[in-house]
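Here is a friendly walk through the model for anyone opening it for the first time. Please keep the sequence and the 3D view side by side as you read.

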Amino acid sequence: MALPPHAIVPLNLGHIWLADMSLGIPVHGFLIKHPGGAGLVDTGYGTPLELIKDYRPVNASVAEELRKHDVDPSDVRWVINSHLHFDHCGQNAVFPQAPFYVQRAEYERRHRYADTPAQWLDFAGAHYELLDGEREIVPGVRVITTPGHTPGHQSVAVDTTAGPALLTGDACWTVKMFEGEAPLEGMMEDIPSFGQSLDKLRRLRPAAIHFCHDNRTWRPSG
Ligand SMILES: [Zn+2]
């Protein structure tokens, strides 16, 4: 099944400051307007903001962002978390009805992420669907393993009428990184795996790439 390209809707989920890198970055999640029901890729950071105050977060509600696009949080049928750092799964609890699709390798090391408050992940009734590799989640939406940022990181490929659209999570942060700029120290746990994952994403010949931490969308030139 191929979706129209505009079925992928970026959600503005605030911005954070990475002191180690002296870098301010936007935070995005993505609504997927699928004919079988709405889906979501990544949920931004949560509240209270005090829990992550070193990152200087601003208020950002995924529920409000969804409503701007005429989607109620209770309408969301499924959620994919690219990985379990605090800025990608922080508002999972807004979707108690939805299964959260995460790689098992990622889920099993979630407690190592000191900056991800356990309550944002392990809330009452949370239902994680643990994946061991690639899987089509709903027709036309598939997760692809892209280790490097974390060992259990996954990206999402959406079949669109324009070709494959990728949501790279933190496998690749920006347009410039996709085009070859080296990641800064601390952006990737494992640089060789990052490079292999990036090659894998390039081989998919994407028609568009949407980033969690870049306001720009990459498209092939020419
Ligand atoms: Zn991130």
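1. Is arginine 56 buried or exposed? Arginine 56 is exposed, with a relative accessible area of 55%; here buried means under 20% relative accessible area, exposed over 50%, and partly exposed in between, using a 1.4 Å probe and protein chains only. Its phi is near 50 degrees, a positive value in a residue other than glycine. Arginine 56 sits in the loop between strand 3 and helix 1. Helices (H or I, at least four residues) and strands (E, at least two) are DSSP runs, numbered from the N terminus.

2. A word on the source. This is a predicted model, in which local features need pLDDT of at least 70 and side-chain atom pairs count only at pLDDT 80 or more, while totals for chains, interfaces and linings use all residues. Residues are numbered from 1 along each chain as its sequence is written, and side-chain values use heavy atoms, with hydrogens and water left out.

3. Two further backbone spots deserve a look. Serine 22 has a positive phi of about 50 degrees although it is not a glycine. You will find serine 22 in the loop between strand 1 (8-18) and strand 2 (23-34), and it is exposed, with a relative accessible area of 53%. Threonine 47 and proline 48 are joined by a cis peptide bond, with omega about -5 degrees. Proline 48 belongs to the loop between strand 3 (37-41) and helix 1 (62-68).

4. Six strands in the order 1-2-3-4-5-6 make an open sheet with mixed pairing; two strands pair if DSSP finds at least two bridges between them. Strand 1 and strand 6 (128-131) are the edge strands, each pairing on one side only. On average, neighbouring strands of this sheet are turned by 20 degrees against each other, direction ignored; axes are lines fitted to C-alpha atoms, for helices over the stretch in contact, and angles run from 0 to 180 degrees between N-to-C directions. Strand 5 (residues 100-103) pairs with strand 6 in the parallel sense over four bridges, and glutamine 103 stands opposite leucine 131 in strand 6.

5. Another open sheet takes its six strands in the order 7-8-9-10-11-12, again with mixed pairing. Strand 7 (135-138) and strand 12 (217-218) stand at its edges with a single partner strand each, so one side of each is left without a neighbour in the sheet. Strand 8 (residues 141-145) and strand 9 (residues 154-160) are antiparallel, with five bridges; threonine 145 has glutamine 154 as its bridge partner in strand 9.

6. Which strand does a hairpin join to strand 9? The answer is strand 10, reached through two residues. These two strands run antiparallel and are joined by five bridges, with valine 156 opposite leucine 167 in strand 10. Strand 10 also runs parallel to strand 11 (residues 208-210), with three bridges between them, and alanine 165 stands opposite alanine 208 in strand 11. Four of the five residues of strand 10 are buried, so this strand is largely enclosed by the rest of the structure.

7. Next, the metal. The protein donors of the zinc ion are Asp87 (OD), His88 (NE2), Asp170 (OD) and His213 (NE2), lying 2.0 to 2.3 Å from it. Donors are N, O and S atoms within 2.8 Å of the metal (3.2 Å for Na, K and Ca), and water is not among the atoms, so sites may look incomplete. Aspartate 87 lies in helix 2 (residues 86-89) and aspartate 170 in the loop between strand 10 (163-167) and helix 5 (175-178), so the pair ties together parts that are 83 residues apart in sequence. Both aspartate 87 and aspartate 170 are buried.

8. Finally, where is there open space? Rolling a probe the size of a water molecule over the atoms shows where empty space is left. The largest pocket holds about 540 Å³ of space. A pocket is an open set of points on a 1 Å grid over the protein atoms alone, where a 1.4 Å probe fits, with protein on both sides within 12 Å along at least five of seven lines; lining residues have an atom within 4 Å of a point. Grid points are joined across faces, edges and corners, and a volume is the space filled by probe spheres set on the points. Of the 26 residues that line the largest pocket, the closest to its centre are Leu18, Tyr55, Phe86, Asp115 and Gly186. Strand 1 gives the largest share of the lining, three residues.
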